Amino acid sequence: MKYFLSHFRITILFGLVLLLGSGFCSMPIPKAVSDTVATTNPLSSLETTTLEAPDVKEPITEWKFDSDLIIWAVNPGYTIDGTRDVGEFIELHRTTDVSLSLAGYSLRYTNTSGAQTTLIDFSEGSSMAGESLLLRLARSPGSDQSDATYMTTLAMSAGKLEIVSGDQVVDEVCWSGKSDCSAAFKSSHPTILLRNPQSNDFAHVADYTPSFDPMHPSLILPEIPDDTNLGDLPSTSCMRLEFSEILTYYSGEKTEQFIELYNPNDQDVNLSGCQLRYKKKNYPLSGVIAADGYYVFYPNQSASPFSLTKNPNTSNTVDLVGANANIDTLTYNHGQKKSTSYARFYDVNGEEVWQLTYSPTPGSANVMQEFRACPEGKVINIATGNCVKASSLRTAETDCLAGKYRNPLTGRCKKVSSENGEPKPCAAGYERNPETNRCRKIKQNNNGTDYPLVPETYSDQSTFVALGIITVLVLGGVVYIILQFRHEIARLQRKCRQRLHHIRKNLVARGISFHRYKKS
(Lines give C-alpha, C1' and ligand atoms only; values in the text may rest on other atoms or scores of the structure.)
Protein backbone atom coordinates (compact mmCIF):
# COMPACT_ATOMS: atom_id res chain seq x y z
CA MET A 1 0.00 0.00 0.00
CA LYS A 2 2.78 2.35 0.86
CA TYR A 3 4.46 1.52 -2.42
CA PHE A 4 1.34 2.40 -4.38
CA LEU A 5 0.88 5.76 -2.62
CA SER A 6 4.49 6.74 -3.20
CA HIS A 7 4.22 5.87 -6.92
CA PHE A 8 0.97 7.88 -7.20
CA ARG A 9 2.68 10.95 -5.65
CA ILE A 10 5.53 10.72 -8.17
CA THR A 11 3.03 10.57 -11.06
CA ILE A 12 1.14 13.67 -9.86
CA LEU A 13 4.36 15.60 -9.38
CA PHE A 14 5.58 14.74 -12.90
CA GLY A 15 2.22 15.94 -14.39
CA LEU A 16 2.50 19.29 -12.59
CA VAL A 17 6.01 19.77 -14.01
CA LEU A 18 4.78 19.12 -17.56
CA LEU A 19 1.84 21.55 -17.10
CA LEU A 20 4.11 24.35 -15.91
CA GLY A 21 6.59 23.72 -18.74
CA SER A 22 3.91 23.98 -21.42
CA GLY A 23 2.65 27.27 -19.99
CA PHE A 24 6.15 28.70 -20.03
CA CYS A 25 6.74 27.74 -23.66
CA SER A 26 3.49 29.39 -24.76
CA MET A 27 4.51 32.77 -23.31
CA PRO A 28 5.40 35.55 -25.93
CA ILE A 29 9.10 35.98 -26.64
CA PRO A 30 10.58 39.42 -25.91
CA LYS A 31 11.73 41.52 -28.84
CA ALA A 32 15.36 41.04 -28.08
CA VAL A 33 14.93 37.30 -28.00
CA SER A 34 12.91 37.38 -31.24
CA ASP A 35 15.69 39.21 -33.05
CA THR A 36 18.20 36.72 -31.86
CA VAL A 37 16.16 33.81 -33.14
CA ALA A 38 15.64 35.43 -36.57
CA THR A 39 19.37 35.78 -37.12
CA THR A 40 19.79 32.06 -36.66
CA ASN A 41 17.02 31.24 -39.20
CA PRO A 42 18.70 29.96 -42.43
CA LEU A 43 15.83 31.38 -44.63
CA SER A 44 16.57 34.92 -43.48
CA SER A 45 19.68 35.01 -45.71
CA LEU A 46 17.52 34.53 -48.91
CA GLU A 47 16.36 37.90 -50.20
CA THR A 48 13.56 36.34 -52.23
CA THR A 49 11.89 34.81 -49.12
CA THR A 50 9.10 36.85 -47.54
CA LEU A 51 6.63 35.87 -44.85
CA GLU A 52 3.21 37.41 -45.28
CA ALA A 53 -0.22 36.65 -43.97
CA PRO A 54 -2.25 34.43 -46.30
CA ASP A 55 -5.03 37.00 -46.72
CA VAL A 56 -2.70 39.83 -47.83
CA LYS A 57 -2.25 40.03 -51.68
CA GLU A 58 1.08 41.01 -53.21
CA PRO A 59 0.84 44.44 -54.92
CA ILE A 60 0.96 44.36 -58.75
CA THR A 61 3.99 46.15 -60.12
CA GLU A 62 4.93 46.90 -63.74
CA TRP A 63 7.86 45.24 -65.40
CA LYS A 64 11.18 47.04 -65.16
CA PHE A 65 12.17 47.65 -68.78
CA ASP A 66 15.82 48.04 -69.73
CA SER A 67 15.11 50.27 -72.76
CA ASP A 68 13.67 53.78 -72.80
CA LEU A 69 11.77 52.94 -76.01
CA ILE A 70 9.79 49.67 -76.38
CA ILE A 71 7.38 48.01 -78.80
CA TRP A 72 3.86 48.06 -77.39
CA ALA A 73 1.46 46.71 -80.04
CA VAL A 74 1.62 45.30 -83.57
CA ASN A 75 -1.10 44.76 -86.20
CA PRO A 76 -0.10 43.41 -89.66
CA GLY A 77 -3.34 44.57 -91.27
CA TYR A 78 -6.15 42.51 -92.76
CA THR A 79 -8.26 42.40 -95.93
CA ILE A 80 -11.81 43.44 -95.01
CA ASP A 81 -14.59 43.90 -97.60
CA GLY A 82 -12.01 43.89 -100.39
CA THR A 83 -9.83 46.58 -98.77
CA ARG A 84 -6.27 45.50 -98.00
CA ASP A 85 -4.03 46.41 -95.06
CA VAL A 86 -6.94 47.52 -92.89
CA GLY A 87 -5.72 48.54 -89.45
CA GLU A 88 -1.99 47.91 -89.94
CA PHE A 89 0.05 49.78 -87.34
CA ILE A 90 3.00 49.63 -84.94
CA GLU A 91 2.76 51.38 -81.57
CA LEU A 92 5.84 52.34 -79.58
CA HIS A 93 5.94 53.44 -75.91
CA ARG A 94 8.54 55.28 -73.92
CA THR A 95 9.34 54.10 -70.39
CA THR A 96 10.68 57.46 -69.21
CA ASP A 97 8.62 60.09 -67.40
CA VAL A 98 9.90 62.93 -69.59
CA SER A 99 10.23 63.59 -73.33
CA LEU A 100 12.56 61.13 -75.04
CA SER A 101 15.14 62.03 -77.67
CA LEU A 102 14.80 59.67 -80.66
CA ALA A 103 18.17 60.47 -82.18
CA GLY A 104 19.98 57.23 -82.98
CA TYR A 105 16.85 55.04 -82.74
CA SER A 106 15.54 53.05 -85.71
CA LEU A 107 12.86 50.40 -86.23
CA ARG A 108 13.94 47.31 -88.17
CA TYR A 109 11.73 44.58 -89.68
CA THR A 110 12.77 41.06 -90.71
CA ASN A 111 10.42 39.21 -93.08
CA THR A 112 9.83 35.46 -93.48
CA SER A 113 12.79 35.04 -95.85
CA GLY A 114 15.20 36.76 -93.44
CA ALA A 115 15.52 40.04 -95.38
CA GLN A 116 15.86 43.09 -93.12
CA THR A 117 14.29 46.48 -93.81
CA THR A 118 14.59 49.69 -91.80
CA LEU A 119 11.00 50.87 -91.48
CA ILE A 120 11.90 54.21 -89.93
CA ASP A 121 15.14 55.89 -88.94
CA PHE A 122 14.61 58.79 -86.55
CA SER A 123 16.63 61.84 -87.49
CA GLU A 124 18.86 63.93 -85.30
CA GLY A 125 16.84 66.42 -83.28
CA SER A 126 13.56 64.44 -83.32
CA SER A 127 11.93 63.56 -80.01
CA MET A 128 8.94 61.76 -78.53
CA ALA A 129 6.74 64.06 -76.49
CA GLY A 130 3.86 61.70 -75.71
CA GLU A 131 3.86 58.33 -74.00
CA SER A 132 3.07 56.50 -77.24
CA LEU A 133 4.12 56.85 -80.88
CA LEU A 134 1.83 55.46 -83.60
CA LEU A 135 3.24 54.32 -86.97
CA ARG A 136 1.05 53.14 -89.86
CA LEU A 137 1.61 51.64 -93.31
CA ALA A 138 1.61 54.50 -95.83
CA ARG A 139 -0.92 52.90 -98.21
CA SER A 140 -3.25 51.58 -95.51
CA PRO A 141 -6.64 53.20 -94.82
CA GLY A 142 -6.31 55.79 -92.11
CA SER A 143 -2.58 56.27 -92.64
CA ASP A 144 -3.09 59.98 -91.98
CA GLN A 145 -4.13 59.10 -88.42
CA SER A 146 -0.56 58.43 -87.28
CA ASP A 147 2.59 60.19 -86.11
CA ALA A 148 4.64 58.72 -88.97
CA THR A 149 4.33 56.16 -91.77
CA TYR A 150 6.44 53.32 -93.16
CA MET A 151 6.53 51.60 -96.56
CA THR A 152 6.94 47.83 -96.04
CA THR A 153 3.87 45.86 -95.01
CA LEU A 154 4.12 43.30 -92.20
CA ALA A 155 3.55 39.60 -92.85
CA MET A 156 0.97 37.67 -90.83
CA SER A 157 2.60 34.22 -90.92
CA ALA A 158 5.96 35.25 -89.46
CA GLY A 159 7.94 38.38 -88.77
CA LYS A 160 10.24 40.19 -86.38
CA LEU A 161 10.43 43.80 -85.21
CA GLU A 162 13.47 45.29 -83.48
CA ILE A 163 14.23 48.68 -81.98
CA VAL A 164 17.87 49.44 -82.68
CA SER A 165 19.90 52.10 -80.88
CA GLY A 166 23.21 52.51 -82.63
CA ASP A 167 24.24 48.93 -83.38
CA GLN A 168 22.46 47.38 -80.39
CA VAL A 169 18.99 45.82 -80.33
CA VAL A 170 17.24 47.23 -77.26
CA ASP A 171 13.80 45.67 -77.74
CA GLU A 172 12.15 43.15 -80.06
CA VAL A 173 9.07 41.06 -80.74
CA CYS A 174 8.50 38.18 -83.18
CA TRP A 175 5.53 36.12 -84.27
CA SER A 176 5.70 32.70 -85.90
CA GLY A 177 4.61 30.24 -83.23
CA LYS A 178 8.14 28.80 -83.03
CA SER A 179 10.81 28.98 -80.34
CA ASP A 180 10.27 32.05 -78.13
CA CYS A 181 8.05 33.87 -80.65
CA SER A 182 4.36 34.59 -80.22
CA ALA A 183 1.77 32.79 -82.32
CA ALA A 184 1.35 33.89 -85.93
CA PHE A 185 -1.57 36.04 -87.01
CA LYS A 186 -4.58 34.44 -88.71
CA SER A 187 -6.40 36.05 -91.60
CA SER A 188 -9.69 34.47 -90.51
CA HIS A 189 -9.44 35.88 -86.97
CA PRO A 190 -8.07 39.46 -86.83
CA THR A 191 -6.10 40.20 -83.66
CA ILE A 192 -3.53 42.65 -82.30
CA LEU A 193 -0.30 41.53 -80.64
CA LEU A 194 -0.29 43.49 -77.36
CA ARG A 195 2.32 43.70 -74.62
CA ASN A 196 1.51 42.93 -70.98
CA PRO A 197 3.22 45.56 -68.77
CA GLN A 198 3.29 43.20 -65.75
CA SER A 199 4.70 40.02 -67.36
CA ASN A 200 6.46 41.62 -70.37
CA ASP A 201 4.82 38.97 -72.59
CA PHE A 202 2.95 39.57 -75.84
CA ALA A 203 -0.54 38.13 -76.36
CA HIS A 204 -3.12 38.25 -79.17
CA VAL A 205 -6.17 40.34 -78.30
CA ALA A 206 -9.25 40.94 -80.42
CA ASP A 207 -10.05 44.48 -79.31
CA TYR A 208 -7.49 47.23 -78.89
CA THR A 209 -7.37 50.86 -80.06
CA PRO A 210 -3.94 52.50 -80.34
CA SER A 211 -3.40 55.91 -78.82
CA PHE A 212 -3.28 58.89 -81.19
CA ASP A 213 -4.22 62.53 -80.69
CA PRO A 214 -3.92 64.66 -83.85
CA MET A 215 -4.15 67.81 -81.75
CA HIS A 216 -1.11 66.79 -79.70
CA PRO A 217 1.39 64.99 -81.95
CA SER A 218 3.82 62.74 -80.17
CA LEU A 219 6.62 62.93 -82.77
CA ILE A 220 8.45 66.26 -82.65
CA LEU A 221 10.71 66.94 -85.65
CA PRO A 222 13.61 69.39 -85.55
CA GLU A 223 12.65 72.96 -86.34
CA ILE A 224 14.22 74.69 -89.32
CA PRO A 225 15.33 78.30 -88.67
CA ASP A 226 13.76 80.91 -90.93
CA ASP A 227 17.14 82.07 -92.24
CA THR A 228 18.24 78.55 -93.23
CA ASN A 229 18.68 77.76 -96.91
CA LEU A 230 16.60 74.64 -97.53
CA GLY A 231 18.88 73.66 -100.38
CA ASP A 232 21.68 73.06 -97.85
CA LEU A 233 19.56 70.86 -95.57
CA PRO A 234 19.86 67.06 -95.44
CA SER A 235 17.28 64.67 -96.92
CA THR A 236 14.64 65.52 -94.31
CA SER A 237 13.86 68.64 -96.37
CA CYS A 238 12.08 66.54 -99.03
CA MET A 239 9.25 66.10 -96.54
CA ARG A 240 7.99 69.44 -97.83
CA LEU A 241 7.55 68.27 -101.44
CA GLU A 242 4.35 67.12 -103.16
CA PHE A 243 3.36 65.14 -106.25
CA SER A 244 1.85 67.36 -108.95
CA GLU A 245 1.52 65.41 -112.22
CA ILE A 246 2.25 62.06 -113.88
CA LEU A 247 2.08 60.83 -117.49
CA THR A 248 2.05 57.06 -118.08
CA TYR A 249 0.04 56.45 -121.30
CA TYR A 250 2.52 57.72 -123.87
CA SER A 251 1.51 58.17 -127.53
CA GLY A 252 4.85 57.40 -129.19
CA GLU A 253 7.87 56.46 -127.06
CA LYS A 254 8.31 55.38 -123.42
CA THR A 255 10.58 58.34 -122.91
CA GLU A 256 7.44 60.51 -122.77
CA GLN A 257 6.57 59.15 -119.31
CA PHE A 258 7.33 61.52 -116.43
CA ILE A 259 6.63 62.17 -112.75
CA GLU A 260 6.44 65.76 -111.52
CA LEU A 261 7.11 67.09 -108.01
CA TYR A 262 6.17 70.53 -106.70
CA ASN A 263 7.93 72.63 -104.05
CA PRO A 264 5.29 74.72 -102.23
CA ASN A 265 7.92 76.49 -100.08
CA ASP A 266 9.42 79.92 -100.58
CA GLN A 267 12.96 78.47 -100.50
CA ASP A 268 14.88 75.94 -102.57
CA VAL A 269 14.87 72.26 -101.59
CA ASN A 270 17.79 69.88 -102.00
CA LEU A 271 16.74 66.42 -103.28
CA SER A 272 19.80 64.65 -101.90
CA GLY A 273 18.58 61.56 -100.02
CA CYS A 274 15.06 61.66 -101.53
CA GLN A 275 13.83 58.65 -103.51
CA LEU A 276 10.87 57.59 -105.62
CA ARG A 277 9.51 54.14 -104.83
CA TYR A 278 7.65 52.16 -107.49
CA LYS A 279 6.76 48.45 -107.29
CA LYS A 280 8.94 47.88 -104.20
CA LYS A 281 12.05 49.45 -105.76
CA ASN A 282 13.64 52.78 -104.86
CA TYR A 283 15.06 55.26 -107.37
CA PRO A 284 17.21 58.11 -105.98
CA LEU A 285 16.63 61.75 -106.89
CA SER A 286 19.20 64.48 -107.25
CA GLY A 287 19.27 68.19 -107.82
CA VAL A 288 17.45 71.14 -106.32
CA ILE A 289 13.82 72.28 -106.70
CA ALA A 290 13.45 76.02 -106.79
CA ALA A 291 10.98 77.74 -104.49
CA ASP A 292 7.45 77.44 -105.87
CA GLY A 293 8.99 75.38 -108.68
CA TYR A 294 8.66 71.98 -110.30
CA TYR A 295 10.96 69.00 -110.71
CA VAL A 296 10.44 66.44 -113.51
CA PHE A 297 11.68 62.87 -113.25
CA TYR A 298 11.77 60.78 -116.46
CA PRO A 299 11.82 57.05 -115.48
CA ASN A 300 13.20 55.81 -118.81
CA GLN A 301 16.00 58.38 -118.80
CA SER A 302 17.14 57.89 -115.19
CA ALA A 303 20.31 56.17 -113.95
CA SER A 304 18.26 52.99 -113.40
CA PRO A 305 15.70 53.11 -116.25
CA PHE A 306 12.25 51.67 -115.67
CA SER A 307 8.76 52.07 -117.15
CA LEU A 308 5.45 52.95 -115.55
CA THR A 309 2.40 50.80 -116.30
CA LYS A 310 0.47 52.73 -118.94
CA ASN A 311 -3.03 51.85 -117.78
CA PRO A 312 -3.09 49.51 -114.75
CA ASN A 313 -5.93 47.05 -114.27
CA THR A 314 -6.76 48.49 -110.84
CA SER A 315 -4.32 51.10 -109.55
CA ASN A 316 -0.59 51.75 -109.12
CA THR A 317 1.20 53.88 -106.56
CA VAL A 318 4.35 55.97 -106.61
CA ASP A 319 5.82 57.07 -103.26
CA LEU A 320 8.16 59.89 -102.37
CA VAL A 321 10.47 58.49 -99.70
CA GLY A 322 12.74 60.45 -97.39
CA ALA A 323 15.37 59.25 -94.97
CA ASN A 324 12.84 58.93 -92.17
CA ALA A 325 9.49 57.98 -93.65
CA ASN A 326 7.12 58.09 -96.57
CA ILE A 327 6.58 61.72 -97.60
CA ASP A 328 3.80 61.61 -100.19
CA THR A 329 1.92 58.98 -102.21
CA LEU A 330 0.51 59.31 -105.72
CA THR A 331 -2.08 56.75 -106.86
CA TYR A 332 -3.16 56.61 -110.50
CA ASN A 333 -6.09 54.36 -111.38
CA HIS A 334 -7.34 52.39 -114.36
CA GLY A 335 -8.77 54.64 -117.08
CA GLN A 336 -5.65 56.49 -118.22
CA LYS A 337 -5.92 57.71 -121.83
CA LYS A 338 -3.29 58.10 -124.49
CA SER A 339 -1.47 61.46 -124.54
CA THR A 340 -3.06 62.55 -121.26
CA SER A 341 -1.43 63.29 -117.92
CA TYR A 342 -2.96 62.75 -114.49
CA ALA A 343 -2.62 66.11 -112.76
CA ARG A 344 -3.64 67.81 -109.53
CA PHE A 345 -6.12 70.69 -109.55
CA TYR A 346 -8.24 72.49 -106.97
CA ASP A 347 -11.99 73.02 -107.13
CA VAL A 348 -13.93 76.14 -106.13
CA ASN A 349 -13.85 75.02 -102.49
CA GLY A 350 -10.10 74.62 -102.51
CA GLU A 351 -10.30 70.82 -102.38
CA GLU A 352 -7.61 68.82 -104.16
CA VAL A 353 -8.86 67.03 -107.30
CA TRP A 354 -6.88 64.78 -109.64
CA GLN A 355 -8.06 64.73 -113.27
CA LEU A 356 -6.93 63.69 -116.73
CA THR A 357 -5.82 66.55 -118.95
CA TYR A 358 -4.93 66.58 -122.64
CA SER A 359 -2.38 69.31 -121.96
CA PRO A 360 0.62 67.77 -120.12
CA THR A 361 2.89 70.44 -118.64
CA PRO A 362 6.10 68.84 -117.31
CA GLY A 363 8.03 71.40 -115.30
CA SER A 364 5.28 74.03 -115.10
CA ALA A 365 1.84 74.73 -113.63
CA ASN A 366 -0.90 72.29 -114.60
CA VAL A 367 -3.39 73.22 -117.33
CA MET A 368 -6.81 71.59 -117.56
CA GLN A 369 -7.89 70.55 -121.07
CA GLU A 370 -10.83 68.18 -121.06
CA PHE A 371 -10.70 67.30 -124.77
CA ARG A 372 -7.89 66.69 -127.22
CA ALA A 373 -6.83 69.35 -129.73
CA CYS A 374 -8.23 68.60 -133.20
CA PRO A 375 -6.41 69.24 -136.50
CA GLU A 376 -7.55 71.95 -138.88
CA GLY A 377 -10.93 71.17 -140.48
CA LYS A 378 -12.14 69.04 -137.54
CA VAL A 379 -13.91 69.79 -134.30
CA ILE A 380 -14.36 67.87 -131.07
CA ASN A 381 -17.44 65.73 -130.56
CA ILE A 382 -18.32 66.39 -126.94
CA ALA A 383 -20.35 63.18 -126.71
CA THR A 384 -17.44 60.91 -127.69
CA GLY A 385 -14.36 63.09 -127.19
CA ASN A 386 -13.17 62.33 -130.73
CA CYS A 387 -12.22 64.72 -133.50
CA VAL A 388 -14.76 64.63 -136.35
CA LYS A 389 -15.60 66.65 -139.41
CA ALA A 390 -17.73 69.68 -138.69
CA SER A 391 -20.36 68.51 -141.17
CA SER A 392 -20.93 65.29 -139.27
CA LEU A 393 -22.04 66.97 -136.04
CA ARG A 394 -25.77 67.11 -135.35
CA THR A 395 -25.65 70.50 -133.68
CA ALA A 396 -27.47 73.63 -134.80
CA GLU A 397 -24.48 75.75 -133.79
CA THR A 398 -22.27 74.32 -136.55
CA ASP A 399 -23.00 75.80 -139.99
CA CYS A 400 -22.85 73.71 -143.13
CA LEU A 401 -20.31 74.43 -145.80
CA ALA A 402 -21.22 76.41 -148.93
CA GLY A 403 -23.54 74.50 -151.24
CA LYS A 404 -25.00 72.37 -148.43
CA TYR A 405 -27.98 72.62 -146.14
CA ARG A 406 -28.80 71.00 -142.79
CA ASN A 407 -31.31 68.19 -142.91
CA PRO A 408 -33.84 68.94 -140.14
CA LEU A 409 -34.54 65.22 -139.65
CA THR A 410 -30.96 63.89 -139.40
CA GLY A 411 -29.04 67.04 -138.48
CA ARG A 412 -26.55 66.30 -141.26
CA CYS A 413 -25.36 68.61 -143.96
CA LYS A 414 -26.68 67.68 -147.43
CA LYS A 415 -25.82 69.02 -150.85
CA VAL A 416 -28.24 71.67 -152.10
CA SER A 417 -29.83 70.41 -155.34
CA SER A 418 -32.17 73.33 -155.97
CA GLU A 419 -32.62 76.95 -154.99
CA ASN A 420 -35.31 76.21 -152.45
CA GLY A 421 -33.11 73.63 -150.71
CA GLU A 422 -35.42 70.72 -151.43
CA PRO A 423 -33.70 67.34 -151.79
CA LYS A 424 -33.38 65.71 -155.21
CA PRO A 425 -36.31 63.45 -156.18
CA CYS A 426 -35.77 59.72 -155.79
CA ALA A 427 -35.15 57.59 -158.89
CA ALA A 428 -37.74 55.25 -160.37
CA GLY A 429 -38.43 52.29 -158.07
CA TYR A 430 -37.30 54.27 -155.00
CA GLU A 431 -39.17 56.26 -152.38
CA ARG A 432 -38.14 58.72 -149.66
CA ASN A 433 -38.00 57.36 -146.12
CA PRO A 434 -39.93 59.80 -143.88
CA GLU A 435 -37.77 58.90 -140.87
CA THR A 436 -34.32 59.48 -142.41
CA ASN A 437 -35.31 61.54 -145.48
CA ARG A 438 -33.22 59.19 -147.60
CA CYS A 439 -34.21 57.32 -150.77
CA ARG A 440 -34.89 53.65 -150.36
CA LYS A 441 -36.00 50.86 -152.73
CA ILE A 442 -39.73 50.28 -152.92
CA LYS A 443 -40.59 46.92 -151.47
CA GLN A 444 -43.23 44.87 -153.36
CA ASN A 445 -45.13 42.47 -151.20
CA ASN A 446 -46.19 39.17 -152.89
CA ASN A 447 -49.83 38.47 -152.04
CA GLY A 448 -50.15 35.51 -154.44
CA THR A 449 -52.41 37.15 -157.03
CA ASP A 450 -49.63 37.64 -159.57
CA TYR A 451 -48.37 34.10 -159.17
CA PRO A 452 -51.31 31.66 -158.68
CA LEU A 453 -50.55 28.12 -157.62
CA VAL A 454 -51.38 25.50 -160.36
CA PRO A 455 -51.56 21.84 -159.22
CA GLU A 456 -49.63 19.40 -161.40
CA THR A 457 -50.31 15.64 -161.48
CA TYR A 458 -47.98 13.11 -163.03
CA SER A 459 -46.96 9.46 -162.72
CA ASP A 460 -43.47 8.36 -162.35
CA GLN A 461 -42.75 5.32 -164.56
CA SER A 462 -39.54 4.47 -162.76
CA THR A 463 -41.42 4.17 -159.46
CA PHE A 464 -43.98 1.75 -161.04
CA VAL A 465 -41.22 -0.45 -162.44
CA ALA A 466 -39.45 -0.61 -159.10
CA LEU A 467 -42.62 -1.67 -157.30
CA GLY A 468 -43.24 -4.40 -159.90
CA ILE A 469 -39.76 -5.80 -159.48
CA ILE A 470 -40.12 -5.91 -155.72
CA THR A 471 -43.46 -7.73 -155.99
CA VAL A 472 -41.99 -10.35 -158.35
CA LEU A 473 -39.08 -10.95 -156.04
CA VAL A 474 -41.36 -11.43 -153.03
CA LEU A 475 -43.61 -13.91 -154.88
CA GLY A 476 -40.60 -15.80 -156.19
CA GLY A 477 -39.29 -16.12 -152.67
CA VAL A 478 -42.58 -17.49 -151.37
CA VAL A 479 -42.75 -20.10 -154.16
CA TYR A 480 -39.18 -21.16 -153.48
CA ILE A 481 -39.89 -21.64 -149.78
CA ILE A 482 -42.98 -23.77 -150.50
CA LEU A 483 -41.12 -26.00 -152.96
CA GLN A 484 -38.08 -26.33 -150.71
CA PHE A 485 -40.08 -27.31 -147.61
CA ARG A 486 -43.01 -29.09 -149.30
CA HIS A 487 -42.42 -32.38 -147.43
CA GLU A 488 -42.20 -30.72 -144.08
CA ILE A 489 -45.32 -28.71 -144.86
CA ALA A 490 -47.20 -31.95 -145.83
CA ARG A 491 -46.18 -33.71 -142.61
CA LEU A 492 -47.25 -30.70 -140.58
CA GLN A 493 -50.61 -30.72 -142.38
CA ARG A 494 -51.18 -34.44 -141.61
CA LYS A 495 -50.33 -33.97 -137.95
CA CYS A 496 -52.73 -31.05 -137.71
CA ARG A 497 -55.56 -33.17 -139.25
CA GLN A 498 -54.86 -36.07 -136.87
CA ARG A 499 -54.84 -33.75 -133.96
CA LEU A 500 -58.16 -32.22 -134.94
CA HIS A 501 -59.64 -35.72 -135.48
CA HIS A 502 -58.70 -36.83 -131.96
CA ILE A 503 -60.12 -33.69 -130.49
CA ARG A 504 -63.42 -34.17 -132.31
CA LYS A 505 -63.64 -37.82 -131.10
CA ASN A 506 -63.03 -36.76 -127.52
CA LEU A 507 -65.74 -34.14 -127.70
CA VAL A 508 -68.26 -36.66 -129.08
CA ALA A 509 -67.41 -39.19 -126.35
CA ARG A 510 -67.86 -36.61 -123.61
CA GLY A 511 -71.20 -35.54 -125.03
CA ILE A 512 -72.54 -39.12 -125.03
CA SER A 513 -71.46 -39.74 -121.44
CA PHE A 514 -73.06 -36.50 -120.35
CA HIS A 515 -76.43 -37.45 -121.84
CA ARG A 516 -76.31 -40.89 -120.21
CA TYR A 517 -75.60 -39.40 -116.85
CA LYS A 518 -78.45 -36.95 -117.25
CA LYS A 519 -81.03 -39.70 -118.15
CA SER A 520 -79.99 -41.78 -115.16
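Lysine 280 lies in the loop between strand E19 (275-278) and strand E20 (281-284). Helices (H or I, at least four residues) and strands (E, at least two) are DSSP runs, numbered from the N terminus. The model is predicted: local features need pLDDT of at least 70, side-chain atom pairs count only at pLDDT 80 or more, and totals for chains, interfaces and linings use all residues. Residues are numbered from 1 along each chain as its sequence is written, and side-chain values use heavy atoms, with hydrogens and water left out.

Serine 179 is found in the loop between strand E12 (168-175) and strand E13 (192-195).

| Residue | Phi |
|---|---|
| Lysine 280 | near 65° |
| Serine 179 | near 50° |

Lysine 280 counts as exposed, at 76% relative accessibility, and serine 179 is exposed with a relative accessible area of 75%. Buried means under 20% relative accessible area, exposed over 50%, and partly exposed in between (1.4 Å probe, protein chains only).

Lysine 404, in strand E29 (residues 404-406), is partly exposed because its relative accessibility is 38%.

Two strands pair if DSSP finds at least two bridges between them. Strand E8 (residues 127-128) is joined to E15 by 2 bridges, and the two run antiparallel. Serine 127 stands opposite isoleucine 220 in E15.
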